Every structure is written in structure tokens, then in C-alpha cells.
Amino acid sequence: MWKLKQYLGRYKKQVIIGPLFKFTEAVLELFVPLVMARIIDIGVAGRDLPYVLKMGGFLLLLGVVGLGCALICQYSASVASQGVGTILRNDLYRKINSFSHAEIDRFGTHSLVTRLTNDINQLQVAVAMLIRLVVRAPFLAIGAVVMAFTIDLKLSLILLATLPLIVLVLWLIMGKSVPFFKVMQKKLDRISLITRENLEGARVIRAFSKQESEKARFAQASDDLADTAVGVGRLSALLNPLTYTIMNIGIVAVLWFGGGQVSGGDLTQGEIIAFVNYMTQILLALVVVANLVVTFTKASASAARVNEVLETKSSIISINQTAVEAKTNMPQISFQNVEFSYQGAEEPSLQGITVDIERGETVGIIGGTGAGKSTLVHLIPRFYDVTEGKLFIDGVDVKDYPLSQLRKKIGLVPQKAAVVSGTIAENLRWGKEDASDEELIEALKTAQAYDFVTALPDGLESYIEQGGKNVSGGQKQRLTIARALVGKPEVLILDDSASALDFATDAALRKALRKDTAGMTVLIVSQRAGSIRHADKIIVLDDGEVAGIGCHDDLFDNCAVYREICLSQFSAEEAKGGAFHE
Ligand SMILES: Nc1ncnc2c1ncn2[C@@H]1O[C@H](COP(=O)(O)OP(=O)(O)OP(=O)(O)O)[C@@H](O)[C@H]1O
């Protein structure tokens with residue numbers, strides 16, 4: 001947890017001022033029982049109204065000054081805790097953004113979201129508690145013990161007998177419940193995962209009529225969390241009755257023995273009341289200390305989870321910060337005996353990949369599901385690094401490029417079309433910040449999206465809802481293709497990104513791409529043989545290996561895997577004669 005103290009260091013002033021004022025408030029609080037005792041012993045006993053009023057006024061003053069101190073402390077605690085939370089959240093967000101897909105896969109998006117929200121909230125609470133209570137509670141507990149001792153040593157023996165019992169109860173209950181708090185955070189992660197899956201897959205769940213089983217899955221996870229929380233709650237519920245019972249027995253003993261001393265004239269009534277007040281202050285302070293232990297235990301689990309993310313280095317880093325010179329006489333993309341395995345996977349997803357792609361070529365990548373098509377194209381912008389072998393872009397190893405230079409060359413349209421909430425123009429300008437409206441329109445036309453965008457009442461300024469809820473799957477795909485085109489990349493990769501388009505639109509898109517992207521290297525990943533049939537080169541993948549490279553006619557005659565794919569989609573005559581949907 002203390003690895004995060006550098007964040008607290010930025011709020012040194014608040015971390016010093018806050019506890020200092022809280023300490024002053026606690027000192028004033030310790031005087032209250034003594035003043036009360038004097039009011040009773042002198043003012044009430046002697047029927048001295050002016051004295052009662054004077055001391056009452058003094059109590060009021062103590063209260064007002066105490067309140068002022070508490071407010072200053074509260075303000076410092078809020079500034080520091082909110083500040084630390086904000087900086088930490090921003091740093092964590094920045095860090096997550098620097099991660100390659102490998103790290104995101106490792107943590108899981110649901111866990112990253114919980115760390116960014118719930119865990120940072122826990123740390124904020126801990127910072128506020130640190131400033132408000134870490135000095136005050138122990139000081140009040142110890143101070144009240146000392147004050148009680150100054151009133152009467154014999155009565156303090158009762159206090160000495162009750163205190164260890166209270167501490168024992170606190171220790172036992174906390175010792176049993178604290179481990180459960182860590183378990184609860186893990187269970188919360190699971191709820192977050194299920195909620196996310198449910199909300200993102202709401203349509204699929206309905207389509208498969210899986211609402212009931214999904215409800216049951218959620219209910220089970222939430223019951224599981226509730227069971228643990230109730231178990232902890234039961235334990236914690238014992239805390240107050242047990243500690244108050246012990247303390248009340250102590251108070252009864254104090255009144256019993258103290259009463260005798262009052263009769264004997266050794267103690268005054270006011271002193272007995274002050275003594276009982278101090279006992280109550282001690283109890284309350286100890287309960288606060290116990291709660292602090294809980295808060296800090298939760299926070300230390302959260303701190304470990306936040307730290308884990310902050311300390312994780314992205315496996316993809318730019319070694320070189322200065323732009324490297326492309327070698328235009330080399331193939332644009334060259335895979336040289338590339339092998340790739342996902343973290344923790346037993347088998348490589350790609351192996352022995354050796355292929356050259358020339359500048360301006362249109363290349364189709366085809367293969368059964370899970371053949372490794374997406375994995376192959378994800379290596380090009382360095383979403384993942386090759387495990388073995390080399391990958392060159394323009395004759396330079398991808399690892400030697402500054403990431404920004406490499407990714408500027410590439411426009412990747414992912415399989416799952418993703419748009420952000422905002423206008424269509426804003427979404428498209430992700431490809432190029434300063435693109436003019438004309439450039440956006442040009443890209444929309446090539447992507448076959450111009451007609452539907454202009455049919456919208458606000459055209460380019462039409463608002464896209466979160467996740468693109470208000471556009472169809474095919475419209476979303478066309479917008480993401482247009483977005484990639486706006487940046488005029490040297491290499492355009494369409495990762496099965498026309499799968500939601502009807503055959504006619506798909507054919508029109510390919511035709512427009514051929515016409516409008518002259519000089520651009522285009523990689524089309526598809527399961528449809530018709531979509532890649534006219535590519536200059538087709539790469540056939542089978543179970544992570546290259547099963548064939550060539551043009552359609554060669555592959556149809558010589559590559560069994562390709563032939564099988566074609567024949568599963570068309571008759572032999574159609575496939576051979578090229579009567580695919582265009
Ligand atoms: N993030 C990941 N972590 C672990 N394994 C993965 C990951 N992504 C893909 N794989 C595995 O790698 C293999 C290749 O997957 P890939 O997505 O590249 O196939 P694909 O040919 O694009 O399939 P599809 O056409 O169904 O999209 C599969 O066995 C898959 O299970």
C-alpha cells in the first residue's frame with residue numbers, strides 16, 4: 001500500500017494540517033468531561049448560577065472551536081482523498097491505455113474496470129480516514145485513559161480490567177472478518193464480469209432465450225457475495241453488543257465502587273461522571289480504531305490490485321523514439337518464419353508463417369474459424385509481438401519503429417466494429433484529427449456509407465449513441481471502414497469487417513476500394529471466398545499454418561483446403577468459372 005504514498009506526497013499540506021486540527025479537536029474533547037465535573041461539583045452543588053453559565057459558555061466555546069477544527073480537517077481530507085483518487089484514476093487509465101492486447105487479456109476488462117472504479121474508491125476512503133481518524137482515535141483512547149488515571153487510581157483498576165477484554169473482543173472479531181473482505185472484492189469482480197457480459201450481450205441472450213439462465217447466473221453470483229457479506233455482517237454485529245456489555249459492566253462497577261468513595265468523601269459526583277465519560281470515550285475510540293483496521297485492510301487489498309496494474313510493463317514498447325526510414329525497395333510486409341502463441345496457451349496460434357506482401361497489393365486471407373487469420377493481422381500493428389521469427393514493414397523490423405509511426409501506416413478495421421458516442425464526424429476524425437468534411441465524405445463514399453449518412457437528418461453531425469446502438473451492424477461496419485480510410489493508411493486491413501454487409505454492398509465496397517485506394521496495400525480477412533476471389537494474392541491458413549499462397553485459380557487447383565472452402569460455398573462450376581457474387 002505504501003508504494004502509493006507518492007500520491008499522498010502531493011498533498012503534504014493537507015496530510016499535515018488535517019490531522020493537526022483533528023488532534024486539536026481531540027484535545028478539546030478531552031477537556032469536556034473535566035469541565036462537566038466542575039460544573040456539577042462547584043456550580044450545581046453550590047447552586048452558583050453565574051459559574052454554571054460561565055462554564056457552560058466555556059463548553060460552548062470548546063464546541064465551536066472543536067467544530068472549526070473538525071471542518072478544516074474534513075476539508076483537508078476531502079481535498080487530499082479526492083485529489084489522490086483523481087490522479088490515481090488518471091494514471092491507471094493512462095497505464096491501461098499503454099497496454100498491449102496481451103496485458104489486457106491477462107487482467108480481463110471486467111477486472112480493469114473494477115480496479116479503476118471500486119478499488120480506487122476504497123483507496124479514497126482510506127486516505128480520508130487516514131487524515132481524519134488515524135491520529136484522533138488512538139490519541140483519544142490513550143488520552144482518555146490518562147485522564148481517567150488522573151481522576152482516581154483505584155477506579156482506574158476497573159478500567160485496566162475491562163480494556164484488555166474489549167481489545168480481545170475487537171481482535172477476535174476483526175481477525176475473523178478481515179480475510180472475508182478480500183474474498184468479497186474477488187466476488188465483486190465476478191459480479192462485474194457477469195453484468196458486463198449481460199449488458200454487452202443483451203441481444204444474443206434474448207435471441208437464445210437465455211434470460212432465465214443468465215438471471216440465475218447473476219443471482220448465484222450475487223447470492224454468493226451476499227452470503228459472504230452477511231457472514232461478515234453477523235460477526236461485525238457482535239462487536240457493539242459485546243464491547244458495550246463489557247464497558248457497561250465496567251461502568252456499573254465504577255458507579256458501585258465510586259459511589260462508596262463519594263460517600264466516604266474521597267471522590268466528588270462530578271469526578272465519577274467525568275470518569276464514566278472517559279470510559280465511553282475510550283470505547284468509542286477503540287471501535288473507531290477497529291473500523292480503521294477494516295478500512296485499511298480493504299484498502300491494502302485494493303492498493304495491491306491497483307499497484308499490480310501500475311507496475312505491469314507493457315510488453316509492447318517503442319524502443320526507438322525517432323522515426324525510422326522505410327526501405328521502399330523491400331516488400332511492404334514480410335513475415336519471416338513467424339510463430340505466435342497467446343500467453344498461457346499450450347499450442348502456438350501461428351507457426352512457420354513466411355510470406356511477402358508487396359506495396360499496393362490486395363491480399364485475401366482465408367481459412368476456417370480459429371485458423372489464425374485475426375491473429376496474423378494483429379501482429380502487423382504490433383497488438384502482439386511475434387514469439388519467434390521476424391516481421392518487417394517496409395524492410396524495418398516492426399519492433400524498431402516508434403509505435404506511433406508504425407500505427408500511422410496501418411488502418412485496421414477490427415472484426416467487431418467499435419464506435420464511440422459522439423457525432424459521425426467525430427468518429428471519423430479518429431482516423432485524422434484535421435480531416436476536412438470533403439475528406440470524410442470521400443471516405444464515406446468508398447466505404448459505401450455515404451448514402452445512409454446523408455439520409456440522416458443531421459448528416460455528418462448525426463449523433464452515434466454509446467456502442468453505436470442507433471445504427472445497424474452493417475452501417476457500423478461501414479463507418480469503421482470509413483474511419484480507417486480517412487487516415488489514408490499505407491496498409492488497410494479489413495479483419496472480416498464486411499461480414500454484416502449484404503453481397504451487393506460487399507461487392508460494391510470491394511470495387512470502390514480497388515478504384516479509390518490505388519497504391520494502398522489492402523489485406524482482406526474473410527470467411528467468404530467470394531470476397532477475396534479477385535485479390536492479387538490469397539493466403540490460406542489452416543490451423544495456424546499457411547496451407548497455400550497464390551491466386552484463386554492456382555489455389556483452387558492445387559490447395560485442398562482452399563478448394564474445400566470454395567466448394568462448401570459454391571458449386572464446382574461457379575467456383576472454377578469465377579461466378580462469385582461481385
Ligand atoms: N486473446 C486470445 N487469447 C488466447 N487465445 C486466443 C486469443 N485470440 C485468439 N485465440 C486463439 O488463437 C487461435 C486463432 O484465433 P483467431 O482469432 O486468430 O482465428 P480466426 O481465424 O480469426 O477465427 P475467426 O474466423 O473465427 O475469427 C484460436 O485457437 C483462438 O482460440
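1. A residue is taken as buried if 20 or more other C-beta atoms lie within 10 Å of its own, with C-beta atoms placed from the backbone. By that criterion, 34% of the 582 residues of the protein count as buried. The model is predicted.

2. On overall content, the protein has 21 helices and twelve strands. Of the contacts between residues at least 6 apart in sequence, 79% join residues at least 24 apart.

3. The pair α2 and α6. Helix α2 covers residues 12-44 and helix α6 covers residues 136-151; their axes lie 10 Å apart and meet at an angle of about 25°. Since angles under 35 degrees count as roughly parallel, α2 is roughly parallel to α6. The crossing of α2 with α6 is right-handed. On the α2 side the contact involves Lys22, Phe23, Ala26, Glu29 and Leu30, and on the α6 side Arg136, Phe139, Leu140, Gly143, Ala144 and Met147. By class, this contact of α2 with α6 holds seven nonpolar, one polar and three charged residues.

4. The pair α5 and α7. Helix α5 (residues 109-133) packs on helix α7 (residues 153-200) at an angle of about 120°, with 9 Å between the axes. That angle makes α5 oblique to α7. Here the crossing of α5 and α7 is right-handed. From α5, His110, Ser111, Val113, Thr114 and Asn118 take part; from α7, the residues are Leu188, Asp189, Ser192, Leu193 and Arg196. The contact of α5 with α7 divides into three nonpolar, five polar and two charged residues.

5. The four-stranded sheet. An open sheet is formed by four strands in the order β2-β1-β4-β5, with antiparallel pairing. The edge positions are taken by β2 (350-357) and β5 (396-397); each has a single partner strand, so one side of each is left without a neighbour in the sheet. Strand β4 (residues 388-393) is joined to β5 by two bridges, and the two run antiparallel. In this pairing, isoleucine 393 has valine 396 of β5 as its bridge partner.

6. Strand β11 spans residues 537-542 and strand β12 spans residues 545-550; they pair in the antiparallel sense over five bridges.

Methods:
Residues are numbered from 1 along each chain as its sequence is written. This is a predicted model: local features need pLDDT of at least 70, side-chain atom pairs count only at pLDDT 80 or more; totals for chains, interfaces and linings use all residues. A residue is buried if 20 or more other C-beta atoms lie within 10 Å of its own, exposed if 12 or fewer, and partly exposed in between; C-beta atoms are placed from the backbone. Two residues are in contact if their C-beta atoms, placed from the backbone, lie within 7 Å. Axes are lines fitted to C-alpha atoms, for helices over the stretch in contact, and angles run from 0 to 180 degrees between N-to-C directions. Angles under 35 degrees count as roughly parallel, over 145 as roughly antiparallel, 65 to 115 as roughly perpendicular and the rest as oblique. A crossing is left-handed if the near helix is turned anticlockwise from the far one by less than a right angle, and right-handed if clockwise. Ala, Val, Leu, Ile, Met, Phe, Trp, Tyr, Cys and Pro count as nonpolar, Asp, Glu, Lys and Arg as charged, and the others, Gly among them, as polar. Two strands pair if DSSP finds at least two bridges between them.
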